[in-house]
Amino acid sequence: MAILVKSDTKVLVQGITGSFGGRHAKLSLEYGTQVVAGVTPGKSGQNFERTVPIFDSVNEASRETGATTSAIFVPPPFAADAILESVDAGLELVVAITEGIPVRDMIEVKAAIKGSETRLIGPNCPGVVTPGTGEDSHGGCRIGIAPGYIHKAGDIGVVSRSGTLTYEAVWQLTTNGLGQSTCVGIGGDPVPGSTHLDIIKLFNDDPNTRGIIMIGEIGGSAEEEAAEWIKANCNKPVAGFIAGTTAPPGRRMGHAGAIISGGKGTAEAKITAMESAGISVAETPSQMAEALMKIL
Amino acid sequence: MNLHEYQAKQLLARHRVEVPGGQPCTTADEARSIAEKLFADGQDMVVLKIQIHSGGRGKGLFKDGFKGGVHLCKSADSVHEKAKAMLGNTIVTKQTGEAGRLVQTLLVASAEKILDEFYLAVLLDRETSQPLIMASREGGVDIEEVAETNPDAIVKLQVDPLLGLQPFQARNLAKALGLSGKLIHSGAKLISGVYRTWWECDATMVEINPLCIVESPDGTQKIAAVDAKISIDGNALHRHKDIAEMRDLNEEAELEVEASKFDLNYIKLDGNVACLVNGAGLAMATMDAIKHYGGEPANFLDVGGSASTEQVTAAFQIVLKDPNVKAILVNIFGGIMNCNTIAEGVVAAAQATQLKLPLIVRLEGNNVVAGRKTLSNSGLTLIGADSMAEAARKVVAEAAV
């Protein structure tokens, strides 16, 4: 078991005919993921990689193939529309990989999907992976852009705002013999579809997740909010890491959401909140798995 | 993207926000003629303000000893004299650092008679993902200071983004600031205009400090934005061609501008250990690791997800332009990124720049075997590392030699 997606989850890809979306859809197929449809308006009737049918709309794609989850790779100016289309089609999960969506678009999307059944992950995220049990974790569900082979099926949940730091943590876990239930990249934007806390709650309720790694970075207060909840409610060991101890205030560190403004969102404040919630915080990014293993 | 005060006021005026009349200029003669017009319109005082992306202008000190970047003048001659002293001169304020900032543009505006000062800002509330209007009865001072010393003076208002700011909310906010009578309407109109500016221009922040009750020579009172600061969401510039043209490259660090041409995310820092990393989170964590092992990072540099050999070469060249750099750490965990692309880029860049500095490379991920092979076959002397910690330790040691 896992959270959000399983090996039999049927996935459609919005933007499958773009070079970025196409490349990663192919990698997901090779990983053994059930990529059952692509969506590119105006290209229905064509096939991706000869086997995956392409549709004009998410609604048609979902109806014809039973896809319940979407991976969004469409360019930033059109990404908010793509998200809303998937929500309108009633999908269970929408994972927006696209980087560079205007904040205003995401404010509107977030307000518009409030109360809907659809869960949004991202944008500006590496996606979601539930590793499979085959060689190099083959046969799992890979949505997004993470390298599949670094994973290993197991019982550790990973949630992170950063793509490459997620891979780093996963790699450390795998090389230490610890597999993952599901790895979730929630993305580096200031308006994320799901927060650390949303995902931690799912891990806490998942009988097959034994321990959790939560990776954060400067900016906002999502890590503090998660830490507060963990302190009162979480019954699983949690380790963590916060990037940006050396980041200068007022500068945006790559991710749109990674900025210390008005003295708020510092790494120090987040680390303090996490430690006081009993979270085992890694001193360096090389020790994320180690920090978890200490408390497992 | 940050805007100058005069640009911010242009955007605000477009959204019917009252701003003091005035014009930007780049020469002392222009300053004089703008001032002459303002005096002819009945103003008895004009203000001359340097336009730089930095706070503390009024108390700044020019490198030749001339004091202050904001001046009140009673005559066009005085405007001309002060403008001449400031244009082309470099000012140091509490925010510019020692290097200071070259002054190339001035704003000449009517100096209103100010009766009271307030603070108003619109920003994103990250906890609720909704717009937040923040106002304070104390204006003209640092809002963070007010939050510390007199938090009750600050009023906050959440706005439903799908409805927008409602007129009654703006009126209530004006009243909460202590405005009364006709000024409630004047204040509400301004607050609505500021909100619309934030929303319609895709601003990440609009800050009016101070927001003032001003009195015209004829005795009428109104609410006006006497100073203004706006930052725009860089990801939304595709729908604001006019605002995109307001970008002032003179206000940005040279190497950062150079990096942005190659879609590289580079921020210069003060240390001597350069790093070149893929992914923003990993780049920050790499800086942290350098610091953890006793070094000081020279930069933040995210080469992004699809870095080509050309981009990596550019990244290398930019990092090497910083004279403080003593050693370089390349840390790549390839998800989207092909490790071999990085390896080819590293080799090409090291050869192109005839690199003499110690180079530590840590590669992991997508196509890593080919990447490592490319490095070991390159004939370059470089130091390999298996983990980030090992790489950080090694690069700090090399930089200290």
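Figure 1. Helices (H or I, at least four residues) and strands (E, at least two) are DSSP runs, numbered from the N terminus. Residues are numbered from 1 along each chain as its sequence is written, and chains are lettered from A, ligands numbered from 1, in the order in which they are written. Because the model is predicted, local features need pLDDT of at least 70 and side-chain atom pairs count only at pLDDT 80 or more, while totals for chains, interfaces and linings use all residues.

**Figure 2. The open sheet of chain B.** The order of its 4 strands is S1-S7-S2-S4 (chain B), with antiparallel pairing; two strands pair if DSSP finds at least two bridges between them. Strand S1 (22-25) and strand S4 (70-73) of chain B are the edge strands, each pairing on one side only. On average, neighbouring strands of this sheet are turned by 20 degrees against each other, direction ignored. Strand S2 (residues 46-50) of chain B is joined to S4(B) by 4 bridges, and the two run antiparallel. Within this pair, B:Val47 has B:Leu72 in S4(B) as its bridge partner.

Figure 3. B:Val79 is placed in helix H3 of chain B. This residue is buried, with 28 other C-beta atoms within 10 Å; a residue counts as buried if 20 or more other C-beta atoms lie within 10 Å of its own, as exposed if 12 or fewer, and as partly exposed in between, with C-beta atoms placed from the backbone. Not counting residues up to four places away in sequence, B:Val79 touches B:Ala31, B:Arg32, B:Ala35, B:Val46, B:Leu48, B:Cys73 and B:Val108. Contact means that the C-beta atoms of two residues, placed from the backbone, lie within 7 Å. The C-alpha atoms of B:Val79 and B:Glu36 are separated by 9.4 Å, and the two residues are 43 residues apart along the chain.

**Figure 4. Helix H1 of chain B and its cover.** H1(B) is largely enclosed by the rest of the structure, because 7 of its 10 residues are buried. These are B:Glu5, B:Tyr6, B:Gln7, B:Ala8, B:Lys9, B:Leu11 and B:Leu12. Their cover includes S1, S2, S7, helix H6 (182-200), strand S12 (221-225) and strand S13 (228-232) of chain B. Just after H1(B), B:Arg16 takes a positive phi of about 60 degrees. Among the elements of chain B, helix H1 (residues 5-14) has the highest mean pLDDT (98) and helix H11 (residues 339-352) the lowest (84); pLDDT is the predictor's confidence in each residue, from 0 to 100. For chain B the mean pLDDT is 92, and 99% of its residues reach 70 or more.

**Figure 5. Nonpolar cores.** The largest nonpolar core has 155 residues; such a core is a set of buried Ala, Val, Leu, Ile, Met, Phe, Trp, Tyr and Cys residues joined through C-beta atoms within 7 Å. A:Ile72, B:Leu276 and B:Leu301 have the most contacts inside this core. Helix H9 (residues 280-292) of chain B gives the most to this core, with 8 residues. A second, separate core has 42 residues, including B:Leu120, B:Ala188, B:Ile191 and B:Val194. Leaving aside neighbours within four places in sequence, the contacts of A:Ile72 include A:Gln14, A:Ala79, A:Val94 and A:Ile97.

**Figure 6. Strand S1 of chain A.** Strand S1 (residues 10-14) of chain A is largely enclosed by the rest of the structure, since 4 of its 5 residues are buried. S1(A) pairs in the parallel sense with strand S2 (residues 34-39) of chain A over 5 bridges. A:Leu12 stands opposite A:Ala37 in S2(A).

**Figure 7. Where chain A meets chain B.** On the chain A side 48 residues are in contact with 44 residues of chain B. Helix H3 (76-88), H4 and helix H5 (163-175) of chain A are the elements that give two or more residues to this side. H4(A) supplies the largest share, 7 residues. The predictor gives the complex an ipTM of 0.93 and a pTM of 0.93.

Methods
Axes are lines fitted to C-alpha atoms, for helices over the stretch in contact, and angles run from 0 to 180 degrees between N-to-C directions.
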